[in-house]
Amino acid sequence: MTQGFVLAVTIMREAIDEFRRFQRDKEVNSQLYSKLTVRGKVQVKSSDIQVGDLIIVEKNQRIPSDMVFLRTSEKAGSCFIRTDQLDGETDWKLKVAVSCTQRLPALGDLFSISAYVYAQKPQLDIHSFEGTFTREDSEPPIHESLSIENTLWANTIVASGTVIGVVIYTGKETRSVMNTSNPKNKVGLLDLELNQLTKALFVALVALSVVMVTLQGFVGPWYRSLFRFLLLFSYIIPISLRVNLDMGKAAYGWMIMKDESIPGTVVRTSTIPEELGRLVYLLTDKTGTLTQNEMVFKRLHLGTVSYGADTMDEIQGHLRNPCPQMQSQAGGNNASSTPPRKAQSSAPKVRKSVSSRVHEAVKAIALCHNVSPVYESRAGVGGEAEYAEADQDFSDGNRTYQAASPDEVALVRWTESVGLTLVSRDLGSMQLRTPSGQIQTYCILQMFPFTSDSKRMGVIVRDESTAEITFYMKGADVAMSSIVQYNDWLEEECGNMAREGLRTLVVAKRALTEEQYQDFESRYSQAKLSIHDRALKVAAVVESLERQMELLCLTGVEDRLQADVRPTLELLRNAGIKIWMLTGDKLETATCIAKSSHLVSRTQDIHIFRPVTNRGEAHLELNAFRRKHDCALVISGDSLEVCLKYYEHELAELACQCPAVVCCRCSPTQKARIAKLLQHHTGKRTCAVGDGGNDVSMIQAADCGIGIEGKEGRQASLAADFSVTQFRHIGRLLMVHGRSSYKRSAALGQFVMHRGLIISTMQAVFSSVFYFASVPLYQGFLMVGYATIYTMFPVFSLVLDQDVKPETAMLYPELYKDLTKGRSLSFKTFLVWVLISIYQGGILMYGALLLFESEFVHVLAISFTALILTELLMVALTIRTWHWLMAVAEVLSLGCYVASLAFLNEYFDVAFITTVTFVWKVSAITMVSCLPLYVLKYLKRKLSPPSYTKLTS
């Protein structure tokens with residue numbers, strides 16, 4: 001019966017967890033989408049979408065399955081999507097519609113053509129795709145190659161316009177599902193340790209029974225006696241342990257959710273709260289977890305002057321009174337504006353005034369980017385009306401900016417705030433509005449987009465009013481320092497800004513004459529048509545322009561950290577937890593955030609692991625890294641992959657010694673691999689923290705996953721074991737709740753074992769005194785009552801015990817280090833409890849036998865009452881901090897026992913119980929069994945106090 005109850009409790013708890021997961025899945029699967037059919041649009045559930053369906057996805061809607069992008073409502077034939085749920089990168093990605101279908105006059109024409117799409121078999125890699133689009137009914141048939149830019153992967157969000165795509169992969173074949181691993185069933189370390197102890201107890205049970213039978217001398221049918229002894233001593237096996245622990249875990253979960261200091265925290269897996277107290281490695285995502293993913297423009301440096309947040313109004317002042325040279329240009333027509341330009345180019349060595357340099361810098365920032373202003377249409381239904389309206393409606397409240405990276409938006413927002421506003425942009429031109437309200441139009445002649453290899457982007461524009469052609473460029477300091485003219489401040493200032501945790505961009509320009517530009521253009525278009533080494537030839541032509549450029553300014557943009565990230569990381573580091581940051585972001589950004597969040601302390605060196613592609617390079621790099629001591633490691637996902645392939649053990653050993661590790665450009669699968677690598681190599685407990693869909697595999701692979709409900713949706717927080725609303729709550733979750741859950745469960749587990757051992761010892765003593773008879777000492781209700789009504793509440797009230805006040809635990813995170821050694825529950829502490837049980841059981845039984853007079857009934861009454869009192873006193877002895885409920889439980893249990901004595905007349909002689917003899921005998925036995933332990937505990941407290949008492953005294 002007990003066993004059935006135990007299982008029922010566990011099954012119920014697991015079932016509730018599972019049912020909640022099922023509801024969350026159902027919610028996602030029943031989202032409705034528009035499907036295009038010959039008869040028009042129909043609504044379908046996302047779970048009913050099949051390969052080959054044409055699905056319409058609106059702006060800000062989630063893409064339900066992997067699709068090839070056929071059409072969009074945007075004029076340019078392209079749209080932006082947000083992929084942070086897939087790869088953790090926050091910049092928007094530009095996707096291009098298949099031109100053959102985009103050119104069709106109307107939506108319905110998709111059904112009037114005969115075409116098919118060929119797609120490769122489903123793969124893991126989210127950054128590549130190969131396929132073809134073939135239209136058969138035209139002469140000759142049109143073939144278009146499809147690449148990653150024609151795809152819309154599931155779980156990404158449409159950021160602009162409405163898109164129509166044809167589904168190519170669904171369900172388990174989508175890229176996002178292929179990158180998530182099957183969740184394992186998580187079992188806490190404490191449960192595993194208790195299982196080990198239970199096994200030891202089982203061995204003890206068998207041994208004890210065999211000893212008893214041997215002492216009997218194998219008389220008669222000895223195997224029958226063996227089984228009887230096994231049943232008699234079966235109380236050694238703590239069956240109620242599971243129920244007690246499960247109820248305890250539920251109680252911890254409830255306490256965590258009710259904690260006022262960390263509101264909104266949800267416990268989704270109720271089986272592993274103790275894990276929070278044993279963590280050694282914390283793997284965290286960067287974007288949205290440590291940072292808020294909001295870019296703010298912080299600093300503009302012009303070489304001699306630096307403008308910070310508090311001096312931006314000076315820039316506005318400079319822009320409001322235009323410099324003389326500009327007025328002549330704006331006032332006159334082309335003819336009158338040529339002379340100053342000639343003069344300027346012939347004598348460039350004249351120091352410009354600060355004002356003109358501010359003008360140049362701000363204008364460059366406002367022009368050199370890939371940002372489009374978007375106006376929410378109100379009246380205009382057709383595309384034309386919308387555009388016409390945008391020309392009149394420049395109201396600032398109606399404008400939003402779209403770009404591939406949040407940095408660029410921050411820069412353009414900043415130029416708007418100082419007075420130079422980007423009001424419209426299409427493929428061929430840009431319009432700026434000056435503080436005085438004039439509209440300046442610039443013709444875009446060439447765009448050179450940002451790539452991760454070149455680390456820079458450029459644009460060539462022609463000013464419509466003056467016909468001046470200028471080549472603007474901005475990029476990372478590494479790439480730009482060799483391109484700009486010699487200067488003495490760039491490198492130093494970049495270093496200063498990086499130390500403040502700002503992301504830096506260098507802005508430069510070069511004025512071109514009409515002839516220079518024409519010459520460049522002819523070479524450029526020729527290079528673009530070449531068949532062999534096209535990329536190299538194009539790069540070479542562009543590089544011919546990138547020489548001796550005039551350095552305009554250096555900008556610093558801050559990615560805001562989440563609230564209290566620095567103190568939280570410091571707290572965790574002091575608690576002996578090693579923090580690894582795994583991010584899909586670029587190396588520079590990751591290093592930058594690692595410094596600004598104090599993940600890497602100011603004094604520490606950073607070793608950047610050079611990109612490696614084969615075994616030899618990996619070997620050399622690892623050797624170089626081995627010579628460094630106490631420095632943080634920064635490594636990219638690809639290099640990591642190579643090292644894990646050839647030198648897994650060496651890499652793990654070196655990395656685990658580092659105070660901090662940053663892995664950048666990690667795919668979701670790599671994040672999970674790192675979590676598994678740490679578990680496998682160190683055997684220590686790992687915890688993963690993340691907030692996006694790309695962190696789900698890591699959260700499921702770690703021993704304990706914490707999800708943050710962030711901007712990036714709730715995917716991670718739903719898959720996690722614990723979900724919090726802010727990163728800073730993790731400190732309290734581990735230091736206070738993790739600590740107390742582990743300590744309480746350890747105490748509870750050992751006490752339940754003690755409860756079974758003590759009664760088995762009494763049985764053993766009893767049997768051995770009465771010639772090894774296999775006769776039970778206590779029968780029927782006494783045994784049931786002992787394990788339940790008489791002792792259950794006080795033992796369970798250990799769940800409320802705490803050794804350290806929450807304030808102290810937060811103030812001295814070093815206390816957490818002790819927990820990871822696992823000393824609260826080990827074979828040593830277990831043996832101590834076993835010895836206590838044997839001592840007490842022996843005293844209670846022998847004492848009762850010594851003091852009993854003639855009747856055997858009295859032995860029973862005395863020993864049982866003393867046993868109950870001993871148990872209640874032992875609970876009181878174990879408790880470290882009293883709670884009023886504990887006192888209530890003690891008194892209640894004692895009351896229950898005293899009240900039940902009246903009904904137990906078949907076991908006890910009621911007349912004898914009320915005598916003075918009974919009372920003094922029981923008191924004496926209880927004193928002998930408990931007093932020595934109290935004395936020992938007091939001495940231990942005095943002679944070797946635990947570390948936390950030194951802090952509280």
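**Figure 1. The largest cavity holds about 50 Å³ of space.** This is a predicted model, in which local features need pLDDT of at least 70 and side-chain atom pairs count only at pLDDT 80 or more, while totals for chains, interfaces and linings use all residues. Residues are numbered from 1 along each chain as its sequence is written, and side-chain values use heavy atoms, with hydrogens and water left out. A cavity is a set of points, on a 1 Å grid over the protein atoms alone, where a 1.4 Å probe fits but cannot get out; lining residues have an atom within 4 Å of a point. Grid points are joined across faces, edges and corners, and the volume is the space filled by probe spheres set on the points. The lining of the largest cavity consists of Trp-580, Leu-633, Ile-635, Leu-640, Leu-651, Ala-655, Val-661, Cys-663, Ile-674 and Leu-677. What classes do the lining residues of the largest cavity fall into? They are 10 nonpolar, no polar and no charged. Here Ala, Val, Leu, Ile, Met, Phe, Trp, Tyr, Cys and Pro count as nonpolar, Asp, Glu, Lys and Arg as charged, and the others, Gly among them, as polar. H21 gives the most, with 3 residues. Helices (H or I, at least four residues) and strands (E, at least two) are DSSP runs, numbered from the N terminus.

**Figure 2. The second largest cavity has a volume of about 40 Å³.** Its lining is made by Met-735, Arg-739, Ala-809, Tyr-812, Pro-813, Leu-815 and Tyr-816. By class, that is 6 nonpolar, no polar and 1 charged residues. How many cavities of 30 Å³ or more does a search of the whole structure find? The search finds 2.

**Figure 3. Arg-673 and Glu-641 form a salt bridge.** A salt bridge is a side-chain nitrogen of Lys or Arg within 4 Å of a carboxyl oxygen of Asp or Glu. Side chains of opposite charge can pair when their charged atoms come close. In the salt bridge between Arg-673 and Glu-641, the closest N and O atoms are 3.3 Å apart. The pair links distant parts of the chain: Arg-673 sits in helix H22 and Glu-641 in helix H21, 32 residues apart. Are these two side chains buried or partly exposed? Arg-673 is partly exposed, at 33% relative accessible area. Glu-641 is also partly exposed, at 32%. Buried means under 20% relative accessible area, exposed means over 50%, and partly exposed lies in between (1.4 Å probe, protein chains only).

**Figure 4. Asp-191 and Arg-242 meet in a salt bridge.** The N to O distance is 4.0 Å. Asp-191 belongs to helix H5 (residues 189-216) and Arg-242 to helix H7 (residues 240-258), so the pair links distant parts of the chain, 51 residues apart. Asp-191 counts as buried, at 9% relative accessibility. Arg-242 counts as partly exposed, at 30%. Both residues also belong to a network of salt bridges that links Asp-191, Arg-242, Asp-246, Lys-249 and Glu-274. The structure holds 30 salt bridges.

**Figure 5. Arg-685 and Asp-703 meet in a salt bridge.** Their N and O atoms are 3.8 Å apart. Arg-685 lies in strand E30 (residues 685-690), and Asp-703 in the loop between helix H23 (696-701) and strand E31 (704-708), 18 residues away. Arg-685 is buried, at 12% relative accessible area. Asp-703 counts as buried too, at 9%.

**Figure 6. A nonpolar surface patch covers about 950 Å².** Tyr-839, Leu-873, Met-927, Val-928, Leu-931, Tyr-934, Val-935, Tyr-938, Leu-939 and Leu-943 make the patch. Patches are made of residues with over 30% relative accessible area and no salt bridge; like charges are joined within 9 Å, nonpolar side chains (Val, Leu, Ile, Met, Phe, Trp, Tyr) within 5 Å. Accessible areas come from the Shrake-Rupley method with a 1.4 Å probe; for residues, only the protein chains shown count as cover. Which helix gives the largest share of the nonpolar patch? Helix H34 (residues 916-943) does, with 8 residues. Leu-931 lies in helix H34 and is partly exposed, at 44% relative accessible area.

Technical notes: 1 Å grid on protein atoms, 1.4 Å probe; cavity = no way out; pocket = protein on both sides within 12 Å on 5 of 7 lines; lining within 4 Å.
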